Amino acid sequence: MLARDGALAAEVPGFSPRRQQQEMAAAVERALAQGETLIVEAGTGTGKTFAYLVPALLSGLRVVISTGTRHLQDQLFHRDLPGVRSALGVPVRAALLKGRSNYLCHHRLELACGEGCAGREAAQLQSIRDWSGRTRSGDVAELTGIPEDAPIWPRVTSTVDNCLGQQCEYLQECHINRARREAQDADLVVINHHLLCADLVLREEGFGELLPGADAFIIDEAHQLPETASRFFGVSLSSRQLQELAQDSATEYLRAGGELEGLPHTAATLERALQDLRLAMGRAEQRAPWSRLAGEPEVGRKVAELEESLARLGAALETEAPRSRGLDNCHQRAQRLQGLLQQLTGPTPAGQVHWF
C-alpha cells in the first residue's frame with residue numbers, strides 16, 4: 001500500500017515511498033492485530049499519519065484517533081483521511097468529534113440575540129445567525145471569517161456548566177448530540193486529547209461516556225498528552241466561569257420576565273468582587289502555590305467578599321429557580337462554584353497541590 005507502485009502512489013500527488021514509514025506501518029499493523037501497546041517516535045518527514053491510517057483502515061477494528069490540537073484534528077479528518085480511504089477503497093464510516101465548546105448552541109445563540117451587542121461583535125453575531133440556518137454540523141470551524149478567540153464564541157457555544165442538557169428546548173436539533181450519535185455509529189472516530197481526557201474523567205466519575213467503545217486507540221502527538229491530562233484530572237475555577245455565571249443569571253432572569261433591579265444587581269456585585277480580587281492578586285503574570293497569596297491580608301479580604309457575593313447570588317437564584325430551566329441551571333452552577341471556591345482557597349489537604 002505504501003510502496004512505489006502501491007495504492008497511495010496512484011491517489012496522492014507527489015507520493016514517494018519511505019522505508020521508515022513502511023516500518024512504522026508494519027509495527028502499527030502488528031500492534032492492532034495482537035492488541036498490543038506500541039510507542040513510536042517518528043521524526044519529521046516520516047509520514048506518520050499515513051503510517052497509522054493505512055493499517056487502521058485495513059484492520060477492520062473500531063479505532064479512535066486522538067490528535068494534539070483541533071487544527072490537526074481538522075486536517076486529519078478533512079484532508080488526510082479522505083485521500084487514504086479513497087486510495088484503499090475501504091467502506092469505513094468515519095466521524096469527527098470535538099468538545100462542546102466547538103459547536104453552536106441554539107439556546108445560547110437565542111440568548112445572545114436577545115441581549116444584543118454593538119460594533120464588530122454585532123456583525124459577527126449576525127454572521128453566526130445567518131450561518132446557523134445553513135450548517136449541518138454546527139462546527140464553529142466552518143466560519144473562518146471569525147477568529148477562534150473572538151469574544152462572541154463563548155456567548156453562542158455551551159460549556160458543561162451552562163448546558164441545559166435534557167431540559168433544553170433545542171435538544172432534538174442539538175449539534176453536539178448529533179455529532180456524538182454519529183461517533184457512536186462510526187468505525188473510525190477522530191478526536192483530540194482534550195476530549196479523550198474528558199471522556200476518561202466521565203467514566204471515572206461514573207457519569208457514562210462521551211466516546212464510543214473502541215478496539216484500539218491511536219494517540220498522535222502523544223508527548224502533549226501529560227499536560228492535557230494534568231488539567232483534566234485536577235479541579236479548577238476560573239474568573240471566566242464566575243463572570244459567565246453572573247452574566248447568564250441576569251440574562252436568564254430578564255428573559256423569564258424579571259425586573260432590572262434585584263437579581264441583576266446581585267450578579268453585578270459578584271462581577272465587581274471578582275474584579276477586585278483579580279486586582280489584589282497583582283497585574284503581572286504569575287504561577288505559584290496558593291499559599292503564597294493566601295497569607296496576604298488584602299487577598300484574604302477580597303476572597304471573603306467574593307465568597308459572600310457568590311453566596312448571595314446563589315440564594316437569589318434558589319428563590320428564582322422555579323421561573324425557568326435556565327435559572328435552575330444557574331442555581332446549580334452557583335452551588336458547584338461555591339464548593340470549588342471554598343475548596344481551592346481553603347487549607348490545602350495532604351497529597352494535594354493548590355496553585356494559582
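Two strands are said to pair if DSSP finds at least two bridges between them. Helices (H or I, at least four residues) and strands (E, at least two) are DSSP runs, numbered from the N terminus. The model is predicted: local features need pLDDT of at least 70, side-chain atom pairs count only at pLDDT 80 or more, and totals for chains, interfaces and linings use all residues. Residues are numbered from 1 along each chain as its sequence is written, and side-chain values use heavy atoms, with hydrogens and water left out.

**The sheet**

Four strands make up an open sheet with parallel pairing, in the order S2-S3-S1-S4. The edges are taken by S2 and S4, each of which has a single partner strand, so one side of each lacks a neighbour in the sheet. On average, and ignoring direction, neighbouring strands of this sheet are turned by 20° against each other. The pairings are listed below.

| Strand pair | Sense | Bridges | A residue and its partner |
|---|---|---|---|
| S2 (residues 94-96) and S3 | parallel | three | Leu 96 with Val 190 of S3 |
| S1 and S3 | parallel | five | Val 63 with Leu 188 of S3 |
| S1 (residues 63-67) and S4 | parallel | four | Ile 65 with Ile 218 of S4 |

Ser 66 also stands opposite a residue of S3, namely Ile 191. Helix H3 touches S1, S3 and S4, and its direction makes about 160° with that of S1. Helix H4 touches S1, S2 and S3, and its direction makes about 165° with that of S2. These angles run from 0 to 180 degrees between N-to-C directions, and axes are lines fitted to C-alpha atoms, for helices over the stretch in contact.

**Burial in the strands**

Buried means under 20% relative accessible area, exposed over 50%, and partly exposed in between (1.4 Å probe, protein chains only). In a regular strand the side chains alternate between the two faces of the sheet. In S3 (residues 188-192), five of the five residues are buried, so the strand is largely enclosed by the rest of the structure. Leu 188, Val 190 and Asn 192 point one way from S3, Val 189 and Ile 191 point the other way, and all are buried.

The loop between S4 and helix H10 (225-232) holds Asp 220. With 9% relative accessibility, Asp 220 counts as buried. Leaving aside residues up to four places away in sequence, Asp 220 touches Lys 48, Thr 49, Tyr 52, Ser 66, Thr 67, Gly 68 and His 193.

**Helix pairs**

Two packed helices are described by the angle between their axes and the distance between the axes. For H3 (residues 48-58) and H4 (residues 70-88), the axes come within 10 Å and cross at roughly 55°. That makes H3 oblique to H4; angles under 35 degrees count as roughly parallel, over 145 as roughly antiparallel, 65 to 115 as roughly perpendicular and the rest as oblique. The crossing of H3 and H4 is right-handed; a crossing is left-handed if the near helix is turned anticlockwise from the far one by less than a right angle, and right-handed if clockwise. Residues in the contact include Phe 50, Leu 53 and Leu 57 of H3 and Leu 76, Leu 81 and Val 84 of H4.

The axes of H14 (residues 297-320) and H15 (residues 325-345) come within 9 Å and cross at roughly 155°. H14 and H15 are therefore roughly antiparallel to each other, and their crossing is left-handed. Among the residues making the contact are Leu 306, Leu 310 and Gly 314 of H14 and Cys 330, Ala 334 and Leu 341 of H15.

**Helix H5**

H5 (residues 106-115) has His 106, His 107, Arg 108, Leu 109, Leu 111 and Ala 112 buried. These buried residues pack against helix H6 (119-132), helix H7 (153-156), helix H8 (175-185) and helix H11 (239-255). Gly 116 follows H5 and has a positive phi, near 80°.

How values were computed: Contact = heavy atoms within 4.5 Å.
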